[in-house]
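Here is a short briefing on one structure.

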Amino acid sequence: MSSKTLRFGLHDFLNAQPLLVPLLKRAEKAGIEMVIDVPSQLAEMMNSQTLDLAMIPTVEYLRRAESYRLVEGVCIASRDKVGTVLLISQVPVQEIKTLALDERSRTSVALLKILFAKRFSPEILFDPSPPDPEAMLEAHDAALIIGDQNFSLPSLSKETEIYDLSEDWFLKTKKPFVHAVLAVRAGVSLEKEICDVIQSARHEGLQNLPAIVKDFAEPRGLDLGVCEDYLQHKIIYDIGEQELEGMKLFQELCYGQGLIPEKHPLRFVAV
């Protein structure tokens with residue numbers, strides 16, 4: 001193992017638990033310091049070089065792809081309905097005047113703007129907000145909400161429309177959507193042993209989903225069956241050929257909308 005401690009950033013949403021839980025057990029022996037924060041802050045820490053590698057929003061990787069490399073075989077993606085990236089609107093989409101954006105998100109904001117570009121009013125106001133669904137919808141016509149809050153949404157009016165952005169993406173493209181990728185910043189040497197630790201952690205996590213779900217869901221009062229189904233059937237952890245195709249299409253669309261400044265090849269860590 002490397003003599004230098006690597007600072008590894010990871011969020012602690014339910015979808016990260018199959019990687020996070022085993023990594024926390026392995027971290028000290030592997031020479032890894034785990035740093036836990038929300039996706040948007042992990043991206044900022046990578047940009048400021050206070051992290052060596054992190055699970056960051058896909059759009060943040062695409063914005064700086066010339067400076068980052070991807071770790072093979074690891075991502076957080078979905079194919080069709082996912083249930084945790086939702087646009088909730090209290091008026092018809094074309095009538096939304098104010099839209100609260102979950103401040104923890106970057107990729108979902110970009111995806112929202114791509115999917116609804118032709119339906120939103122040109123005068124729509126986007127307002128980054130703390131992830132409180134009730135407060136967001138009290139002060140705005142609509143809200144983009146990501147993550148575990150969507151497992152326990154408050155009672156919504158009958159007029160509320162809910163759009164699953166992953167489902168919308170799949171219906172339009174027939175490709176998976178990659179929400180987050182594991183990126184390593186330039187100048188950081190990621191040895192094969194570290195890559196093996198990460199892959200081993202992912203494998204262990206996916207083999208032990210019931211126990212991981214129980215430990216996560218019970219203290220939060222979440223439905224164990226819903227959470228286990230989410231991890232088993234809705235989240236994809238392997239960045240395979242189809243996921244890369246989805247990423248490349250997302251890159252093309254982000255560039256076309258001016259959401260990223262340039263397009264760069266998707267590069268992986270050489271081990």
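Tyr230 is buried, with a relative accessible area of 2%. Its ring partner is Phe151: the centres lie 5.1 Å apart and the planes meet at 85°, so the pair is edge-to-face. This is a predicted model.

- Phe151 has a relative accessible area of 22%, so Phe151 counts as partly exposed.

**Other aromatic pairs**
- The whole structure contains 7 aromatic pairs.
- One of them joins Phe120 and Phe126 edge-to-face, at 6.0 Å centre to centre and 65° between the planes.
- Phe120 is buried at 10% relative accessibility, whereas Phe126 is partly exposed at 25%.
- Phe116, Phe120, Phe126 and Tyr163 form a cluster linked by ring pairs.

**Charges over rings**
- Lys113 places its charged end over the ring of Phe126, 4.9 Å from the ring centre.
- Arg220 lies over the face of Phe216, 3.8 Å from the ring centre.

**Cavity**
- There is 1 cavity of 30 Å³ or more.
- The largest cavity has a volume of about 220 Å³.
- Its lining has 20 residues, and Phe13, Asn15, Ser108, Ile146 and His179 are the closest to the centre.
- By type, the lining holds 10 nonpolar, 8 polar and 2 charged residues.
- α4 (107–115) and β10 (177–185) each contribute at least two residues to the lining of the largest cavity.

Key:
Residues numbered from 1 in each chain as written. Predicted model: local features only at pLDDT ≥ 70, side-chain atom pairs only at ≥ 80, totals over all residues. Heavy atoms only, no water. 1 Å grid on protein atoms, 1.4 Å probe; cavity = no way out; pocket = protein on both sides within 12 Å on 5 of 7 lines; lining within 4 Å. Points joined across faces, edges and corners; volume = space filled by probe spheres on them. Helix = DSSP H or I, 4+ residues; strand = E, 2+ residues; numbered from the N terminus. Nonpolar A, V, L, I, M, F, W, Y, C, P; charged D, E, K, R; others polar. Phe/Tyr/Trp six-rings, centres within 6.5 Å; stacked < 30°, edge-to-face > 60°. Buried < 20%, exposed > 50% of the residue type's maximum accessible area, 1.4 Å probe, protein only. Lys NZ or Arg CZ within 6 Å of the ring centre and 35° of its normal.
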